Amino acid sequence: EKTEFITFFHHVIDRFDMNVSENITLQRELPNGQFYVWMDKDKMTQVLDNIISNAIKYSPEGGTIRFNVVKQNNQMLASIEDQGMGIAYEKLNKIFERFYRADKARTRKFGGTGLGLAIAKEMVEAHHGKIWAKSKEGKGTTILFTLPLMNKKRRGKK
Ligand code: ATP
Ligand code: MG
């Protein structure tokens with residue numbers, strides 16, 4: 001269905017804000033503009049839940065998670081940035097594979113099956129978007145994804 005993404009994103013973050021520990025700050029850098037996208041709300045909620053729960057899981061005490069959305073041509077670009085331990089460059093693409101977990105010894109204590117980002121990728125691509133990661137080891141990770149914006153209605157000629 002046609003959805004205004006910024007409003008939708010705020011609602012998802014609100015839900016985490018109510019549950020997240022006081023030691024982690026959720027910082028929104030979301031524009032006031034209207035970003036209309038065609039989406040399955042349940043599926044995109046799962047995408048955001050998976051990305052945000054990773055960001056929380058891998059955040060250090062006192063860490064900040066930043067949420068950003070910008071317009072790029074006919075796409076919107078959303079990013080979720082944490083200050084966690086990061087991911088080695090050569091592993092950055094693998095984290096979207098099923099059952100892949102970047103560092104077995106390190107992540108064992110965090111639990112999980114390694115499916116969260118594989119599901120997110122499948123769902124973003126089903127919405128004709130792209131998803132990828134940037135990271136600096138020891139500094140943090142940013143997950144980015146695009147979704148096509150719906151065309152503005154033109155006045156006049158149909
Ligand atoms: P699940 O989501 O199924 O509970 P998971 O979190 O291990 O398990 P994914 O969400 O698919 O699985 O992530 C895959 C791997 O990518 C993780 O095990 C972790 O090593 C790495 N990873 C994902 N997000 C982050 C992040 N924000 N910071 C550091 N590493 C991350
Ligand atoms: Mg996960």
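Predicted model: local features only at pLDDT ≥ 70, side-chain atom pairs only at ≥ 80, totals over all residues.

Colleague: Which residues are the closest to ligand 1?

Modeller: R101, A102, G112, G116 and L117 are the closest, out of 22 residues that surround ligand 1. Helix 2 (41–57) and helix 4 (116–126) are the elements that give two or more residues to that shell.

Colleague: OK, on to the core. Which residues have the most contacts inside the largest nonpolar core?

Modeller: V47, I51, I80 and A120, in a core of 29 residues. Elements giving it two or more residues include helix 1 (5–19), strand 4 (64–72), strand 5 (75–81) and strand 7 (140–148). The largest share, 6 residues, comes from helix 2.

Colleague: And what is I80 in contact with, leaving aside its neighbours within four places in sequence?

Modeller: I51, I52, A55, I65, F67, T142 and I143.

Colleague: New topic: backbone. Where is N73, and what is its phi?

Modeller: N73 is in the loop between strand 4 and strand 5. Its phi is positive, about 55°, although N73 is not a glycine.

Colleague: Why does N73 count as exposed?

Modeller: Because it has 9 C-beta neighbours inside 10 Å, and 12 or fewer counts as exposed.

Colleague: What about H128, buried or exposed?

Modeller: Exposed, because H128 has 12 C-beta neighbours inside 10 Å. H128 lies in the loop between helix 4 and strand 6 (131–136), and its phi is positive too, near 65°.

Conventions: Residues numbered from 1 in each chain as written. Chains lettered and ligands numbered in written order. Near = placed C-beta within 6 Å. Helix = DSSP H or I, 4+ residues; strand = E, 2+ residues; numbered from the N terminus. Core = buried A, V, L, I, M, F, W, Y, C linked by C-beta atoms within 7 Å. Buried ≥ 20, exposed ≤ 12 C-beta atoms within 10 Å, placed from the backbone. Contact = placed C-beta atoms within 7 Å.
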